[in-house]
Amino acid sequence: MLRFLTAGESHGWGIAAVLDGMPAGIEVSQEELSVELSRRRRGYGRGERANIENDHVLIASGVNDGKTTGAPICIVIPNKDYENWKGKYVPIYAPRPGHADFAGMVKYGFNDCRPVAERASARETAARVACGYFAKKLLEKENIKVMSWVVSIGGIWAQLPPLEERMSKEEIPKKLFYLAECSEVRCPDLEATGRMKKLIDEAREKGDTLGGIFEVAVIGVPVGLGSYVQWDRRLDGRLAAAVMSIQGVKGVEFGVGFEFSEMMGSQAHDPLKLPKRPSNRAGGIEGGVSNGEIIFMRAAMKPIPTLKSPLPSVDVRTKKECQAYIERSDVCAVGSAAVVAESMVALVVADALLEMRGGDRW
Ligand SMILES: Cc1cc2nc3c(=O)[nH]c(=O)nc-3n(C[C@H](O)[C@H](O)[C@H](O)COP(=O)(O)O)c2cc1C
Ligand SMILES: C=C(O[C@@H]1CC(C(=O)O)=C[C@@H](OP(=O)(O)O)[C@H]1O)C(=O)O
């Protein structure tokens, strides 16, 4: 069983994770790890914090001589911004609509929202990406690759090959992924990238924020990951939970997803033919089990909650109406969320692979 937990606050000493269940013998490198971390940190629309952090990952255990040992892997990512925050306490008395502030403060009985904001922050996703790197390295040994790209930001859509092709021909996700890596918003359509950047600039000027949609594809998946025999073993359920757990993600679909609801069965399901199934509208999973096709997911992220032109809120001390608290913030982080989703998907797929194959070393 591959599992992990994270710890740490956004402006505290650092972010940490323990990843348990990685087999021995997986080669890992500090350089590749830092590339993964910087893919998440950077992107057009991210705020000033991205320039403060370098997300250097300290590997405290579980790796010896560049290979995993099978022991729990402990990673620590010091927060450089801690130097600017230590010894200070900046309370948040006007909860930001859309952030965890209000619900978290009431739930845990705080007098202000600072402790909520610190732990609810997506700073924590740096640790998820570090864990996801190890899962990706395990999958790499089986020629399984996880990719993502952004398809829309604030209603501006990328022009991409038809969905049916994106889901069924391996060379297409590979190409889209390659192009996305060249785009500042991680969108494979470089013309749309320009318009998305302009929209992000406009939102920033207005003190507003944006969300969007990204896709994740997993190629090289064998038949048989996950199971229909128990609800919590279904691969689609596990993947959906993993991606929905990312801060700001509000919708997830597989294959043609919500479009299925408008189709006749005869148009919807993927016929079995030799040598290969002609379509993959299911998105690579039937009955909660991978069917050997590309696993294809799409997820929607809401606009960032912290607004420079804030929404109405209530001061929790005076109970008077006021404007929501303003803090340094990202304007748009859809490309970063997509990288986090790659990591979460890699962790779930690697867990299901270990379940099916077993093995203490790889
Ligand atoms: C990579 C990434 C960066 C984010 N950056 C910010 C940010 O700078 N400011 C902010 O208010 N929310 C940001 N968010 C979103 C909030 O963390 C999220 O909306 C909040 O924790 C509430 O959770 P929920 O939206 O899932 O309900 C970010 C999310 C991700 C995935
Ligand atoms: C720090 C990161 O993301 C943060 C996520 C976040 C939030 O509320 O989720 C708020 C911002 O924090 P700060 O106010 O310190 O700039 C983001 O920068 C990161 O991704 O590394």
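## A proline in a loop

P275 lies in the loop between α11 (265-268) and β12 (285-286). This structure is a predicted model, and in it the peptide bond leading from L274 into P275 is cis, with omega near 5°.

## Two residues with positive phi

Let's look next at two backbone angles. N143 is not a glycine, yet its phi is positive, near 60°. You can find N143 in the loop between α6 (125-141) and β8 (145-153). Is N143 buried or exposed? N143 counts as exposed because it has 10 C-beta neighbours inside 10 Å, and a residue is called exposed at 12 or fewer.

R186 also has a positive phi, about 65°, although it is not a glycine. R186 belongs to the loop between α8 (171-181) and α9 (190-206). R186 has 27 C-beta neighbours inside 10 Å, so it counts as buried; the cut-off for that label is 20 or more.

## A sheet and its helix

Now trace the strands. In what order do the 5 strands of the open sheet follow one another? The order is β9-β8-β10-β14-β11, and the pairing is antiparallel. At the edges sit β9 (156-157) and β11 (249-254), each of which pairs on one side only.

The strands β8 and β9 run antiparallel and are joined by 2 bridges. To see how they meet, look for I153, whose bridge partner in β9 is I156. A helix also packs on this sheet: α10 (residues 235-244) touches β11 and β14 (295-301). The direction of α10 makes about 155° with that of β11.

## Around ligand 1

Which residues come closest to ligand 1? Of the 21 residues that surround this ligand, the closest are A122, Q247, T306, D330 and A333. Helix α12 (residues 334-357) gives the most to the shell, with 3 residues.

Sorted by class, the shell around ligand 1 holds 9 nonpolar, 10 polar and 2 charged residues.

## Around ligand 2

Ligand 2 has 14 residues around it. R49, S121, A122, R123 and R328 come nearest to ligand 2.

How many residues of each class make up the shell around ligand 2? The shell divides into 7 charged, 5 polar and 2 nonpolar residues.

Note on methods. Residues are numbered from 1 along each chain as its sequence is written. Chains are lettered from A and ligands numbered from 1 in the order in which they are written. This is a predicted model: local features need pLDDT of at least 70, side-chain atom pairs count only at pLDDT 80 or more; totals for chains, interfaces and linings use all residues. A residue is near a molecule or strand if its C-beta atom, placed from the backbone, lies within 6 Å of it. Ala, Val, Leu, Ile, Met, Phe, Trp, Tyr, Cys and Pro count as nonpolar, Asp, Glu, Lys and Arg as charged, and the others, Gly among them, as polar. Helices (H or I, at least four residues) and strands (E, at least two) are DSSP runs, numbered from the N terminus. Two strands pair if DSSP finds at least two bridges between them. Two residues are in contact if their C-beta atoms, placed from the backbone, lie within 7 Å. Axes are lines fitted to C-alpha atoms, for helices over the stretch in contact, and angles run from 0 to 180 degrees between N-to-C directions.
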